[in-house]
Amino acid sequence: MASPDGSWVDVVVKIGGSACTKKAQFETLHMENLTSTSRQLAKLLEEGGRMAIIHGAGSFGHQQAKEFGVSKGTSEAAVKSGSGQTLLDPRLREGFAKTRLSVTTLSKHVITALVGEGIPAVAISPCPFVGTSQKKLLGDELPAAAAEGTRGLLQCGLVPVVHGDAVLDAKQGVAILSGDVWMVQLCRELKARSAVFVTDVDGVFTRPPSDPGAELVRQILVDPKTGELELTGVSMNTASHDVTGGLKAKLESAAEVLLGAPSVQAVYIVRAGSDAAAQALRGITPSEGTTLIRRT
Ligand SMILES: Nc1ncnc2c1ncn2[C@@H]1O[C@H](COP(=O)(O)OP(=O)(O)OP(=O)(O)O)[C@@H](O)[C@H]1O
Ligand SMILES: C=C(C)CCOP(=O)(O)O
């Protein structure tokens, strides 16, 4: 049930693909991170914390999407051909099916870990009910049924768990919808108080964390009018098989959360299973980690 201020959850958490999988090893789970995160979430639930969960794809789905061009889709002309029908070419159909098989396989593993720790986790698959146009959500928001369905689960005391997915796209036939986009939507629809991105590193660093001399950035200010991020002195890289833009796209989503979801006080980026993650999940500024807030 929503609280008197209309809030459905305290926190929306994205378990990043970098946390729940070993990103460099094809379709390999990171069991330690998955278990420690599931335990932290179970404890939070026991304390009465209300949450919605999202997970990324990591080494599940990104490779297939890249190999078969699922993120790029097909040309507009091809979408319109075939007497108004969107007939994808056989290779794109194969790629779409393989990408979905991979992300839904990961979803099953994530749900298994959460349920194993006592969380009544229920998977929500965006495809085929949530579509895009040129990779952007149609109308820039979730279809009413998706938002209502998510609230319906929460109303029953269940914990919704959405995953990044391959979806149908009005302009390019097919596309990839990142879990990061759901972060923005769920924070707004559920009037969350905080948003937490759980990754395999402590937060945002001044340069890729494996580079010598990389330093943790404790706070990033976001312009509340434009969403512009204060990122002077920060450089980042993205894995070659990542089809959803890596850390840069995540930071843009975090800024959109602060722009589009006024209920959210702060967005946190923390390491899976850390004390910092436990703090961030409770809306406490983590001792280690990156906090994004609106510039006043
Ligand atoms: N300057 C930086 N600071 C922090 N991380 C960085 C930086 N540059 C690159 N990275 C990499 O970004 C990764 C986190 O971004 P990524 O998009 O992989 O997150 P994710 O949400 O966990 O993944 P997915 O999109 O699969 O869900 C880290 O694993 C890290 O290696
Ligand atoms: C099918 C895919 C690759 C989904 C990607 O979702 P993300 O890892 O949250 O960006």
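This is a predicted model: local features need pLDDT of at least 70, side-chain atom pairs count only at pLDDT 80 or more; totals for chains, interfaces and linings use all residues.
Which helix gives the most to the lining of the largest pocket? Hold that thought for a moment, everyone.

Residues are numbered from 1 along each chain as its sequence is written, chains are lettered from A and ligands numbered from 1 in the order in which they are written, and side-chain values use heavy atoms, leaving out hydrogens and water.

Back to the opening question. The answer is α8, which gives three residues to the lining of the largest pocket. Helices here are DSSP runs of H or I with at least four residues, strands are runs of E with at least two, and both are numbered from the N terminus. A pocket is found on a 1 Å grid over the protein atoms alone: it is an open set of points where a 1.4 Å probe fits, with protein on both sides within 12 Å along at least five of seven lines, and lining residues have an atom within 4 Å of a point.

The largest pocket holds about 810 Å³ of space; a volume is the space filled by probe spheres set on the points, which are joined across faces, edges and corners. It is lined by 43 residues, and S18, K23, D200, D242 and L247 are the closest to its centre. By class, the lining has 16 nonpolar, 19 polar and eight charged residues. For the classes, Ala, Val, Leu, Ile, Met, Phe, Trp, Tyr, Cys and Pro count as nonpolar, Asp, Glu, Lys and Arg as charged, and the others, Gly among them, as polar.

Now to the second largest pocket, with a volume of about 550 Å³. Here α8 again provides the largest share of the lining, six residues. Of the 22 lining residues, K135, K136, V181, S253 and E256 lie nearest the centre.

So how do α7 and α8 sit together? Helix α7 (residues 179-189) and helix α8 (residues 246-260) pack at an angle of about 10 degrees, with axes 9 Å apart. Axes are lines fitted to C-alpha atoms, for helices over the stretch in contact, and angles run from 0 to 180 degrees between N-to-C directions. That makes α7 roughly parallel to α8, the term for angles under 35 degrees.

Two strands pair if DSSP finds at least two bridges between them. V196 stands opposite Y268 in β11.

Finally, two local details. Most residues other than glycine have a negative phi, and most peptide bonds are trans. A cis peptide bond joins C127 and P128, with omega about 0 degrees, and P128 is in the loop between β3 and β4 (132-133). Q134 is not a glycine, yet its phi is positive, near 50 degrees; Q134 lies in the loop between β4 and β5.

Key. Angles under 35 degrees count as roughly parallel, over 145 as roughly antiparallel, 65 to 115 as roughly perpendicular and the rest as oblique.
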